[in-house]
Amino acid sequence: MKAKNLKVIIITVWILSMLVSLTACGKDPEDKSIITSTPEPMPSESPSPVVTAIPVKTFPEGTSVNGIDISGLELDDAAAKLSSTAKELAASYSCRMTNGTESFAINANDITVGTDLDAILEQAFRKGGSYELNLRIADDERLQAILDSLSEQINTAPKQQKLKVNAEKADSARFRIINGKNGIELDTEETRHLILSGVEKIDLPLIEIKACDTELSIPVLRGSFATEFNAQNINRSFNLAKAASLLNGLMLAPGEELSFDRVLGERNEENGWKLAGAYTNGGLESVEQYGGGICQVSTTLYNAALRADLSIPHRSNHSKPVSYVPAGLDAAISGGLIDLVIRNNTESNIYIFMWISGNGLHCEIYGDEFPKSFDYIEVISEFVESIPPGEAEFVDDYSLPYGETKLISPPVTGSVYRSYRVYYLNNTEVRRVLAYESRYRNHAAVYAVGKMR
């Protein structure tokens, strides 16, 4: 019994000792208690943080901007204190620009202007010291609009040399060269750079635009011709002068054609033409027509064009030779039916001048010099053959006594002529080229024969 009780006691003590050991593992070694009403924190738990006050950063002593002391101020307070100063500086911006003869001005109302206040405060906050605000100009669409406006006012295109043509006075120089002039252009990128720098005065940078270096040459006389007319025939003389004035001073570009009929336009009273004699019925008759006599103008032009070595795609002779040029050298014109067409077959402009002086009708044609293969052209016409009139024609005439005959129109022998351009070099013929063949009409005699009713 005693042994049994002792065994129980030993087991009980062992259990208690184990409990005491387990409790001691979570206690301070100095704490002898096993159980507490409030458990102590475990050594692994973090202690509560301690709050420490951070000192406020301010501008160092002796810091100023534009003479305004900001020592001891916080950043936001310093910015607020300097805000009006920065705005006043930006608003005061102006810039005067000149290009030598003209002056232009811009201010803060024209472009976007600010200052470098933020950058200055940042630097002063770190280092302290004294600072001055600087302007900052925005490179935006407002500045581009200013540059565009300046360019529009300043830029000047170069003026090339010009050939002034004198078509009014035949006794003075026909041509005068007016010298060219270089242009100017605003250097917009350099101007942009100068404006962005914030300067108050700018001598605008300009770029000179050279005029073309090609030198114009004075056209030379290539060919001329003149015919005479009866100045006492007032209406015909008027028509000659009017036609000549429409041709005077005309320029033909390389490859361009001149239609004589188109230049003169419709010949009628409304267009200011006068009645004068003109061929009709194959040259057998002369009738009054508006613009009568203009064939002398086309003939004079034709002969000058031959001597100027121009191409002549269309030309027709009259039905019979005319009095003012040798046979084979005339050029007829009839509205909408017969035309004289001249083409500029050279590589430079051709200038035509026509005028009346006294009883003379004159034509001059100017252009580049002839090639070296010849130096002038003569025009000749050669008779080729005659064309017989043919058998007589008879028409009934009941007003004549029976069997009686009366000549109505005499027989006319036709003819053929060939005209040539003859090229000369140093007064020696080098070649000749057929210009045109002219065929003048023949006409049989026409008789009236008396008939009985």
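User: Before we look at this predicted model, what makes two residues count as being in contact?

Analyst: Contact means that heavy atoms lie within 4.5 Å. With that cut-off, and leaving aside neighbours within four places in sequence, M354 is in contact with A244, L247, N248, V297, T300, L301, L361, H362 and C363.

User: Which residues have the most contacts inside the largest nonpolar core?

Analyst: They are F260, L301, I352, M354 and I365, in a core of 39 residues. Two or more residues come from each of α6 (234-247), α7 (260-264), α8 (294-307), β20 (350-357), β21 (360-367) and β26 (428-440). Of these, α8 gives the most, with eight residues. Apart from this core lies another, of 19 residues, including F104, L147, I154 and I195.

User: Why is D309 called buried?

Analyst: Its relative accessible area is 17%. Buried means under 20%, so D309 is buried. You can find D309 in the loop between α8 and β18 (311-314).

User: And why does N427 count as exposed?

Analyst: Here the relative accessibility is 62%. Exposed means over 50%, so N427 counts as exposed. N427 sits in the loop between β25 (414-425) and β26.

User: What is the phi of D309, and what is the phi of N427?

Analyst: For D309, phi is near 60°, a positive value in a residue other than glycine. For N427, phi is positive too, at about 65°, although N427 is not a glycine.

Terms used
Residues numbered from 1 in each chain as written. Predicted model: local features only at pLDDT ≥ 70, side-chain atom pairs only at ≥ 80, totals over all residues. Heavy atoms only, no water. Core = buried A, V, L, I, M, F, W, Y, C linked by side-chain atoms within 4.5 Å. Buried < 20%, exposed > 50% of the residue type's maximum accessible area, 1.4 Å probe, protein only. Helix = DSSP H or I, 4+ residues; strand = E, 2+ residues; numbered from the N terminus.
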